Amino acid sequence: MSRHLPIRPNLEYLRKEAKELLPALRRTAPDCRLADAQRVLASEYGFSSWSELKAHVQALPAASVPLSDIANPFVGKWRANLSKSTRHSDNPFESATLEFEVLGNTVTITDVVVDATGREEHGRNTLHVDGLERLREHGYVVAATWLDPRVLEAVVTKAGRIEGRVQYALSADGNTLTLSAGEHVTIFNRE
């Protein structure tokens, strides 16, 4: 698995990630220590060691622009383009909007879908985009990863079986978002 460093990586965040990774490593190697988790994490970020990752982060220039002013390309509001989308026959929605908020590797997606009867349904999902499996309601487990800086994927499993896979892919110009879930594709335009 490979990970992408957040826009502004910091050591505190990376140490927390390593601590969160440790229990998963201990399931297959009970004697794993934090240093082992740090080494694995560094490797997933493309570094040969924790000390190399740490040196890279420490060498980054001090930020003069607040993090809140740096926008991830997903951030913003998106409206479904129904003429370019293939909707599921069980859910022929009339309109849909998504709003993305991104802070580091935490992505929050707020959606509003208007169904065929005109009823609005609201939803909000927070994904920790680090490849780790996280338990959700009703026994579902979600693991989200950046496949590249413009492609986010979430895989949902239950009892070890894949129940769904969703990809959010941005166009090169950043104005079109393609949501793919199996054979169903919804195209969104930036508002």
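**Close-up 1. Phe 74, Phe 100, Trp 146 and Tyr 168 form one aromatic cluster in this predicted model.** The model is a prediction in which local features need pLDDT of at least 70 and side-chain atom pairs count only at pLDDT 80 or more, whereas totals for chains, interfaces and linings use all residues. Residues are numbered from 1 along each chain as its sequence is written, and side-chain values use heavy atoms, with hydrogens and water left out. A search of the whole structure finds 3 aromatic pairs, a pair being two rings of Phe, Tyr or Trp (its six-membered ring) with centres within 6.5 Å, and planes under 30 degrees apart count as stacked, over 60 as edge-to-face and the rest as tilted. The rings of Phe 74 and Phe 100 are tilted, because their planes stand at 45 degrees, with the centres 5.5 Å apart. This pair links distant parts of the chain, since Phe 74 lies in the loop between helix H3 (50-59) and strand E1 (76-80) and Phe 100 in strand E2 (residues 95-103), 26 residues apart; helices (H or I, at least four residues) and strands (E, at least two) are DSSP runs, numbered from the N terminus. Phe 74 is buried at 0% relative accessibility, and Phe 100 is buried at 1%, where buried means under 20% relative accessible area, exposed over 50% and partly exposed in between (1.4 Å probe, protein chains only). The rings of Phe 74 and Trp 146 also make a tilted pair, with centres 5.5 Å apart and planes at 50 degrees. Trp 146 belongs to strand E6 (residues 140-148), so its pairing with Phe 74 ties together parts that are 72 residues apart in sequence. Trp 146 is buried, with a relative accessible area of 9%.

**Close-up 2. Strands E8, E9 and E10 are joined by antiparallel pairings.** Strand E8 (residues 161-170) pairs with strand E9 (residues 176-181) over 5 bridges, and E9 pairs with strand E10 (residues 184-190) over 6 bridges; two strands pair if DSSP finds at least two bridges between them. Thr 178 in E9 is the bridge partner of Ala 169, and Thr 178 has Ile 187 in E10 as a bridge partner. The hairpin of E8 and E9 has 5 residues between the strands, and Gly 174 in its turn has a positive phi of about 75 degrees. The hairpin of E9 and E10 has 2 residues between the strands, with Gly 182 in the turn at a positive phi of about 65 degrees.

**Close-up 3. Asp 130 makes a polar contact with the side chain of Arg 134.** Asp 130 is found in the loop between strand E4 (120-128) and strand E5 (134-135) and is buried, with a relative accessible area of 5%. The side chain of Asp 130 contacts that of Arg 134 at 2.9 Å and reaches the backbone nitrogen of Leu 132 at 3.0 Å. A polar contact is a pair of N or O atoms within 3.5 Å; within protein, one must be able to donate a hydrogen and the other to accept it, and residues adjacent in sequence count only if both atoms are side-chain atoms.
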